[in-house]
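Hi,

Here is the structure I promised to pass on.

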Amino acid sequence: MCYDMFYCSKDSSIYCASVVYRQASSIRSKLTHFPQPTAAKVTAETASVYPTDHDTGSVGDYLDFGIYPTTSVFQRENHKAELQDALGLFWHLFLISAVTERAFGSAVLYDNGYEGIVVAIGDQVEQNDTIVDNIKRMFQEGSKILYEATRHRAYFREVTIVVPATWKHKDEYMQTQSSGWLSDAEIRVDKPHPAYGSEPYTLQLGGCGEPADYTHLADTYATEMYNEMLDKYGPPGKVLVHEWAHLRWGVFDEYGTQGTLFPTFYIGEDLQVHSTGCTEGLTGWLLKEDGSKCQADTTGLPDSKCHFYPSTEKNVNGSLMSFHFLDSVTQFCDDEDIPHNPFAPNPQNLRCDGKSTWQVISRHEDFRDSNPPRSKRSIPDLTPKFQVIQEQPKQKPRFILLLDLSGSMEMYMTVFYQEVVRFVRDLIPTGSQIAVVSFANVSRIDVDFTEVTNSNREDIVQRLPKTYTDGGYTAIGAAMITVLELVERSGITSDGLMVVLITDGEETIPPLVSKVLPDIKEHGIIINTVSLGPNATNNLELWASETGGRSYYHRTGYLSSASTLDALLLDSISKYTETSDELLQVYRDVVRVKAGESNFKEGEVTLDSSVGHLTKFSFTENIPLYNSFSIAVSLISPDGEIYKNTSGPLIYSEDPYTRTITFSLTEAKAGRWVYNITSFPPKHEYILTDDVLIAVTSYPRNKAPEEPIRVKVWMSANDIQFPEPAPVYALVSQGYSIVVNANVTAIVDPPTSDSAISLPLFDDGVGADIQEGDGIYSAYFTQFSGNGRYSLSAVVSTTNLTAKLLGSETESLTLKPGHPGSNAIRVMEIPVPENTLPMPADSVFHVKDLDPPTSSEGEGRSNKDLNKVSVEPFTRFTSGGIFKVNNFQPGDLQPPGRVTDLEVLSISLYEATVKLRWTSPGDDLYHGKASVVDLRYHDTAKIHYNFGIGHRINQTHLSEGNLKPLDAGSPHVLTVQMLERSLEDLENHAFFFCVRARDEVGNLGNISNVARAYFPFREYARNKKEEQRVNAMAGLVVIIVIVIMIVAIAAFIAIVKLLHFRNKKKKRTQELNESGYRYYSRTTK
């Protein structure tokens, strides 16, 4: 049972603090640090008079709590004393809850109610109480809509709204000691997106059924959602549920988008024009935006100026993932009451292989084995309970380095110490609080909590442990106890404190960490783990996950990797601050210099104008010797200034122990920096080459016009069961602007002795990539070499085409190409009064309802809406944690990838041809080259589910191109000749094409998406041969006319000349006659 404790809050409202014993599995043990309920005056005996609806769990399970308005307190006069005493306990629970939810960063669904939802407002948003009020109203409406849409399975029970520290404090704002809520919140309220303005959207980074990253509400939308934005986007409660479906359950939109692979209209098997959506029962009109009749394009479909406008009155139920703004739409498409159309060419069908949104949602862990529908008798109070808290100003990192010095560290100690020193000396942000604890059999505090300054870094370095403990064991649990004692003694705030544990082995001395972990979680401490080598305990990832931390893997002994320990340490403390002024890893690379005085290596690093403050260029030799340097380095700035070992100690420094040369520049100029590394003659004959790690770090430039470009890299899953796909993702962005056409490469360090693997990532909408041109670069990793941990990092640079999306040249009713996520379709306002239109028809129309085309529009896709602005050259490096591989087996076990972008480029009715294009898959998913390409077509779209019914296409069917497999990623274009099909057979006929690949051992790829080829009626089709004939005839006529004109002109000129000659001759004759007459006259006289 659950027992309620009542008290009067500060504003005299009456609340019930419900202490609910729940199963640990339902809330991930995240609230174990709450005080036991026996601490309150309210006992089981007195509290039992206030039973609640919750009736699961037992004493001894973990706690959770909620806040519930109640009026029954006025009937319990005899318990007023207990209520006052319970107030102190509840207030403590209230404050801790806010902190705890942030640490774990996700809502939970318990007993049909979502709890722990966090809505965070960005610190650049100006204070406006309307935003908070509108968010509350949005959730109140959305809770009822969600309950109906999920068939009485879920509603919003508890919501925490976090206002920024920049807002003026109010009494109703609860205080918390945490900061940085925006990056962890499910829903963000922040400045409008630079390209897409006020549109609400959800950043979906994964595939079908995978949760999204966050939902973004622009402050302009949050302020005006019930005013001017209402007409644009529809009821806010419905917008919320639409985005929640993206965010929580990983479903996709069911409408089409012009200029993409998902058209707004398509031809069905019935040879009718369908509006792309979920169900086809909706009624409406086909109209241009000016209200006039639609025209067809050359494919027989409505042209780009045509839209389907659904009727707003007396329409049928549909899907919230399509026309959510209609009053009649209250559900998600399923396979029964609201029949799903699996053949509509929309993102949901492509990404989820034809599954309905409700099929995906109902199989989510929220509903799969729990939270069954409520009966009409047990309908809960659907009104959410809100708490508004105010975060603290953003803080510098607070962390403890927890260093393993056991005997097994002997083989790693040199590199381990060197890289920890580099981290302390060069990478820890100034102002951070650091402590260092080392352990073997026992633990010791090497550095007590110290605020890092530029003047005390060397002192911290001198106190770092330099040697391992010979024969020492690994007492990680005892070290954690030392950490807790240090925190208690120092009085430092424990919530959000990071412990960075670096170890190479298993726990060998009790107490085990599992016994200490509840106390760690009670203090809100985050554990980040770094495993040195392949033998560190498999529990590292569990400890990090349980405390909201991250895990990393450092493959020691392989010096050619840019992902060194110091880079991992910087990443581990940076992921939780995410301030605009955090240190950026601009560049990292390893170059090999051949030993010898005449040998040198020259390279360049580009600093963009957004960075350059407190910049460090470091060059580290990876030769484990302790004598003088084997290299000399010079650095040339963009304006030609040369820096070298004579540049003075404030700029140039050498550290013989870590073998690092560093150039430190307060303000580094933007542009191209050139380095030159010269290698001295080797002092040891076996040293033939020198690997040099080049690392460039920089802070954002003061008063830079734009914030820096940032990169995030991650895996969709941290545990991979071979041979299942392992997608890798990277997001390149500048604020909320996405960066497209960049060079993005993931670097994967395997657990074996194999070299690091470079994996190019692409933003082309193919394979692992969900959407083309959205700034998320993706690829499948297939180059497994064994079981164990794999380390992930990424490098990014520019190309000539790299740009960011700033906006749209035209306003679209639907999602624009290149949008960074999924959003709700805009309200489609009918351009003319609805009562002036004829009765609405179904969303299925006859082709001849359209006027014939007057232009050649319709062939191919276009992204004309995008407004791109070039990005100046830049480079970035980032770490992405680890993933673990299990069940590895040698051999070719991975099939070719699935083609997801098969499309019809053009059709010709009169030539009986279909031109197709797709991106070639590989032998192993999207790597290598497949052995066989199998292309087929059928009269129905059912070929997608039964490939065997299709007609196989061979080389004799092709008038252009061939079926020879191409390298993965190559465009495959060919033209199919529809043999034995007459003009009459093809006219008003549709064919459905699919393709799949096979590798050399017979592994079959999945069937592609369906590409529709519709041959329209003759009056709608282009007859290219006739056009060519007519054009040729027209050309011939023009030539003839020109010739005639030339001949006429020439004749005219000849006649004129002839006449002129005759006139001239006549005149001459006349002159001669006249002169003869005069002569005759003179002689006669």
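Helices (H or I, at least four residues) and strands (E, at least two) are DSSP runs, numbered from the N terminus. Please keep in mind that this is a predicted model, where local features need pLDDT of at least 70 and side-chain atom pairs count only at pLDDT 80 or more, while totals for chains, interfaces and linings use all residues. Residues are numbered from 1 along each chain as its sequence is written, and side-chain values use heavy atoms, with hydrogens and water left out.

With that settled, look at strand 47 (residues 913-919) and strand 51 (residues 971-977): they run antiparallel and are joined by 7 bridges.

Next, the helices. Helix 10 (residues 413-427) and helix 15 (residues 565-574) have axes that come within 8 Å and cross at roughly 50 degrees (axes are lines fitted to C-alpha atoms, for helices over the stretch in contact, and angles run from 0 to 180 degrees between N-to-C directions). The two helices are therefore oblique to each other (under 35 degrees would count as roughly parallel, over 145 as roughly antiparallel, 65 to 115 as roughly perpendicular, and the rest is oblique). Where they meet, helix 10 brings residues including Phe-416, Val-420 and Phe-423, and helix 15 brings residues including Leu-565, Leu-569 and Ile-573; contact means heavy atoms within 4.5 Å.

On salt bridges (a side-chain nitrogen of Lys or Arg within 4 Å of a carboxyl oxygen of Asp or Glu), the count comes to 41. For burial, I use buried for under 20% relative accessible area, exposed for over 50% and partly exposed in between (1.4 Å probe, protein chains only).

- Lys-191 and Asp-219 meet at 3.2 Å, N to O. They sit 28 residues apart, Lys-191 in the loop between strand 10 (187-190) and strand 11 (201-203) and Asp-219 in helix 5 (residues 219-224). Lys-191 is partly exposed at 30%, whereas Asp-219 is buried at 9%.
- Glu-706 and Lys-804 have their closest N and O atoms 2.2 Å apart. Glu-706 lies in the loop between strand 32 (689-700) and strand 33 (710-715) and Lys-804 in strand 41 (residues 803-808), so the pair ties together parts that are 98 residues apart in sequence. Glu-706 is partly exposed at 40%, and Lys-804 is buried at 8%.
- Glu-984 and Arg-1018 form a salt bridge at 3.0 Å, N to O. Glu-984 is exposed at 53%, while Arg-1018 is partly exposed at 33%.

Lastly, Ser-311. This residue is in the loop between strand 16 (306-310) and helix 8 (347-351), and is buried, with a relative accessible area of 2%. Leaving aside residues up to four places away in sequence, Ser-311 touches Thr-283, Gly-284, Trp-285, Leu-326, Glu-834 and Pro-840.

Cheers

Notes:
Pairing = 2+ DSSP bridges.
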